[in-house]
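Subject: A structure for you to look at

Hi there,

Here is the structure I promised to pass on. Please open it beside this email, and then read on for what turned up in it.

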Amino acid sequence: MDEADNDFDDSRTKMAMTTKTPLSAIVEAFEELSEFLECQMKDEELRLDKFCDACSLVSVLFSCLGLAFKFAEMEYVAKVHDLVEASKRFATLENVLDLDVAHDTVKKPGSHSRNLRRVRQGLDLIRALFEEFLSSEDYSLREAASTAYAQVCAPYHTWAIRTAVSAGMYTLPTREQLLLKLNETDHTAEKKMRRYIKASRAVIEYIDKLYISRNITLDW
């Protein structure tokens, strides 16, 4: 790599560090949720509208992945929209779950609790993708995405969906193309991805505990 290339990379890094990129907004939103959960008082609950605000930002990541994750993007966006509408009537995630528990509709297609479970799955898919993406510089985005999908979503998808996703993996952008779409460099993306992994894990664990504490299994 010559000096001109180094100057270009340095310039992109400085721009990504100073500009509010989509990944920056996502990380900040989830760190805010994580900090709330870490410091919450005994009777405090996570507000549904705050949760939805953070989740809405994540959809841009799915759109950057193209055809392979089109189904995941469509499902994720639809489920988040449902929860946004629900936030006009319910203050917290616990309120949503409690209502569905009372009506025995937690796992019913279209219920807010089922949609919350699917949104949580979307957040976990991005977390797993980032972990795989950072595991090796030689690891292609297709390999990272395939592993993340197999871990998080494949066990719950039909054969037809799994087959479509597998075929779509060959249309994924390269690592470099993804970073360009996100307006990030390897350096800035790594920092932000690690921050998202940490912050989202706290949110995901909180959601899981809401189900488990109500004797709802997580194998669906």
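A cavity here is a set of points, on a 1 Å grid over the protein atoms alone, where a 1.4 Å probe fits but cannot get out. Grid points are joined across faces, edges and corners, and a volume is the space filled by probe spheres set on the points.

Before going further, please keep in mind that this is a predicted model, where local features need pLDDT of at least 70, side-chain atom pairs count only at pLDDT 80 or more, and totals for chains, interfaces and linings use all residues. Residues are numbered from 1 along each chain as its sequence is written, and side-chain values use heavy atoms, leaving out hydrogens and water.

The largest cavity holds about 80 Å³ of space. Lining residues are those with an atom within 4 Å of a point, and for this cavity they include Phe 62, Tyr 76, Arg 118, Cys 153 and His 157. Helix 4 (70-86) and helix 6 (112-135) are the elements that give two or more residues to this lining. Helices are DSSP runs (H or I, at least four residues) numbered from the N terminus. Helix 6 has the largest share, with four residues. By class, the lining has five nonpolar, three polar and two charged residues. Here Ala, Val, Leu, Ile, Met, Phe, Trp, Tyr, Cys and Pro count as nonpolar, Asp, Glu, Lys and Arg as charged, and the others, Gly among them, as polar.

What lines the second largest cavity? Its lining is made of Leu 61, Leu 65, Ile 126, Leu 129, Phe 130, Leu 178 and Leu 182, so by class there are seven nonpolar, no polar and no charged residues. The space inside is about 40 Å³. Helix 6 gives the most to this lining, with three residues.

Now for a pair of helices. Helix 5 (residues 93-103) and helix 10 (residues 186-212) pack at an angle of about 30 degrees, with axes 11 Å apart. Axes are lines fitted to C-alpha atoms over the stretch in contact, and angles run from 0 to 180 degrees between N-to-C directions. The two helices are therefore roughly parallel (angles under 35 degrees count as such). Leu 93, Glu 94 and Leu 97 of helix 5 make the contact (heavy atoms within 4.5 Å) with Tyr 206, Ile 207, Leu 210 and Tyr 211 of helix 10.

Happy exploring!

How values were computed: On a 1 Å grid over the protein atoms alone, a cavity is a set of points where a 1.4 Å probe fits but cannot get out, and a pocket is an open set with protein on both sides within 12 Å along at least five of seven lines; lining residues have an atom within 4 Å of a point. Angles under 35 degrees count as roughly parallel, over 145 as roughly antiparallel, 65 to 115 as roughly perpendicular and the rest as oblique.
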